[in-house]
Amino acid sequence: YFENFIENYAATKGKAVLYLRSTGWNSSTDVDAINASYDLYKSILPLDIWTALKESEHVFLEVDDLEDTLNFVQAVLPDSQATTSNPVNYIFWSLVNSDGQTINNNE
């Protein structure tokens, strides 16, 4: 149902939406690993996105350019949870177009 909510929001607003979830940071008790992952992503992600992910497990961004957004998340975020060598580094992403259709994710 959560995915349907995001798709409905995108379709209603007529805007593409990128959904990020800092799954790895919020499913570990290894403080050193979490801090190392924070440092890794702080050097990769724009500061506003990094801060939002650190403050909230769920982050939603309206985006204007699907191709640029897709290229960015595929370049800097894990391919999938299964292929992430360090589970703390896993950040889920899903990209929904302005028609409310999920076009890609890393699951």
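My entries below go from ground rules to helices, a pocket and a few single residues.

**Ground rules.** I am working with a predicted model, in which local features need pLDDT of at least 70 and side-chain atom pairs count only at pLDDT 80 or more, while totals for chains, interfaces and linings use all residues. Residues are numbered from 1 along each chain as its sequence is written, and side-chain values use heavy atoms, with hydrogens and water left out.

**Helix α3.** I took helices and strands as DSSP runs (H or I of at least four residues for helices, E of at least two for strands), numbered from the N terminus. For burial I used relative accessible area with a 1.4 Å probe on protein chains only: under 20% is buried, over 50% exposed, and partly exposed lies in between. In α3 I found Ile49, Trp50 and Leu53 buried. They sit on the same side of α3 because they cover an arc of only 100 degrees around the axis; the arc is that of the directions from the helix axis to the C-beta atoms. On the other side of α3 I noted Leu47, Asp48 and Glu55 as exposed. The buried residues of α3 pack against β1, α2 (31–42) and β2, where contact means heavy atoms within 4.5 Å.

**Helix α4.** Which residues of α4 are buried? I listed Thr69, Leu70 and Val73. Their arc around the axis is only 100 degrees, so they are on the same side of α4. Glu67, Asp68 and Ala75 are exposed on the face turned away from that buried side. The packing partners of the buried residues are β1, β2, β3 (92–96) and β4.

**The start of α4.** I looked for polar contacts, meaning a pair of N or O atoms within 3.5 Å; within protein, one must be able to donate a hydrogen and the other to accept it, and residues adjacent in sequence count only if both atoms are side-chain atoms. Aspartate 65 caps the N-terminal end of α4, with a side-chain oxygen 3.0 Å from the backbone nitrogen of glutamate 67. The backbone oxygen of aspartate 65 also lies 2.8 Å from a polar side-chain atom of threonine 69.

**Threonine 69 and leucine 95.** Threonine 69 has a relative accessible area of 12%, so I logged it as buried. Leaving aside neighbours within four places in sequence, threonine 69 is in contact with Leu18, Val63 and Leu95. Leucine 95 is in strand β3, and I counted it as buried because its relative accessibility is 0%. Beyond four places in sequence, leucine 95 touches residues including Val17, Leu66, Leu70 and Ile103.

**Asparagine 106.** I found asparagine 106 in the segment after β4 (102–105). Is asparagine 106 buried or exposed? It is buried, with a relative accessible area of 0%. Its side chain reaches the backbone oxygen of proline 78 at 3.0 Å. Not counting residues up to four places away, its contacts include Asp79, Tyr90 and Trp93.

**Largest pocket.** Leu18, Pro46, Ile49, Leu61 and Phe72 lie nearest its centre, among 13 lining residues. Two or more lining residues come from each of β1 (16–21), α3 (47–55), β2 (58–63) and α4 (66–76). On a 1 Å grid over the protein atoms alone, a pocket is an open set of points where a 1.4 Å probe fits, with protein on both sides within 12 Å along at least five of seven lines, and lining residues have an atom within 4 Å of a point.
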